[in-house]
Structure formats: structure tokens, C-alpha cells
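Hi,

Here is the structure I said I would pass on. Have a look at it first, and then read my notes below.

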Amino acid sequence: MTSFAKTAGLAGILVAAFATVTPELKADPLHTAVREGQAVTTELGPNASAITYWASGASEGWCVVTTVDTVIEQNGDTEKHAVVRFSSVLLPGQSQLISVPFPIGEQQQVLRIRRLGDQIEVARIGGPA
């Protein structure tokens, strides 16, 4: 029993150390400011995720690219995916909403991408039920 107590104590210290040293690990996974060229992954549900990145340089705005991967069929060791790529140019204050199909009775998850001044914000928000 003493070995278990030492292991549990060490695990608690490691968790506290990670929480103190790497505050980005505590960041809310539903809301993320994204740096230019940085890809961010957002879970949109149990079978869907999105990868978003952006680049400045377009004179008319910033180019934001999002690729959504949805698992549409799982049979043992094989999966079938539906992959869709969205590209948009956002000016300050503009936003884009992306959603995926969802089961009846569950709340739809919507990915909101918006340009706030000199940054892009990616947030998963609940859609209409």
C-alpha cells in the first residue's frame, strides 16, 4: 500500500507541475486564438474534426483554410471518411460558420472562425438543437 501512496503522490505532483509550467495545456479547447501558419484541430463530435490555419498576404484579407474530416462508416478495421475543405478570405470583424451533420436528439456543434483585429479566433459553439 505504501508503494501505491508514493505513486499517487508523484502523479499529483506531476499534474500540478504541468498545470503550472505549461498554462496552454489548460486553455479552453472550445476557444483558441490561432497564430499565422499554426494549424489548430477542433473536435466537432465523436466522428468529426476540423483542422484550421490561416495566412496573411492576400491584399483583400486573410486566407483561412479549414479541412473537416467526418468518419461516415466504421466496419471493424476499415473506415470511410468524408473530407471537405473550406477556404475563405476574412476582413477584420468577419466570421465563418462550419457545421457537420449530427444525430437526431443531439446538439449540433458549429465551428466559428472569426477575424478579430490582428488575430483569428477558432471556437466550437453549440448550434440550434
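**What I found**

The largest pocket comes out at about 220 Å³ in volume. It is lined by 15 residues, and those closest to its centre are Gly45, Pro46, Pro101, Phe102 and Pro103. Two elements give two or more residues to that lining: strand S2 (40-45) and strand S4 (62-75). Sorted by class, the lining holds eight nonpolar residues, six polar ones and one charged one. Do keep in mind that this is a predicted model.

Next, the core. The largest nonpolar core has 16 residues, and the ones that touch the most other members are Leu44, Leu111, Ile113, Ile120 and Val122. At least two residues of this core come from each of S2, strand S3 (48-55), S4, strand S7 (109-116) and strand S8 (119-126).

One more residue to look at is Thr66, which sits in strand S4. Is Thr66 buried or exposed? Its relative accessible area is 0%, so Thr66 counts as buried, the cut-off being under 20%. The side chain of Thr66 makes a polar contact of 3.1 Å with the side chain of Thr52. Beyond its neighbours within four places in sequence, Thr66 is in contact with Ala50, Ile51, Thr52, Val84, Arg85, Phe86, Ile98, Leu111 and Ile113.

Cheers

Methods:
Residues numbered from 1 in each chain as written. Predicted model: local features only at pLDDT ≥ 70, side-chain atom pairs only at ≥ 80, totals over all residues. Heavy atoms only, no water. 1 Å grid on protein atoms, 1.4 Å probe; cavity = no way out; pocket = protein on both sides within 12 Å on 5 of 7 lines; lining within 4 Å. Points joined across faces, edges and corners; volume = space filled by probe spheres on them. Helix = DSSP H or I, 4+ residues; strand = E, 2+ residues; numbered from the N terminus. Nonpolar A, V, L, I, M, F, W, Y, C, P; charged D, E, K, R; others polar. Buried < 20%, exposed > 50% of the residue type's maximum accessible area, 1.4 Å probe, protein only. Polar contact = N/O pair within 3.5 Å; in protein donor to acceptor, adjacent residues only side chain to side chain. Contact = heavy atoms within 4.5 Å. Core = buried A, V, L, I, M, F, W, Y, C linked by side-chain atoms within 4.5 Å.
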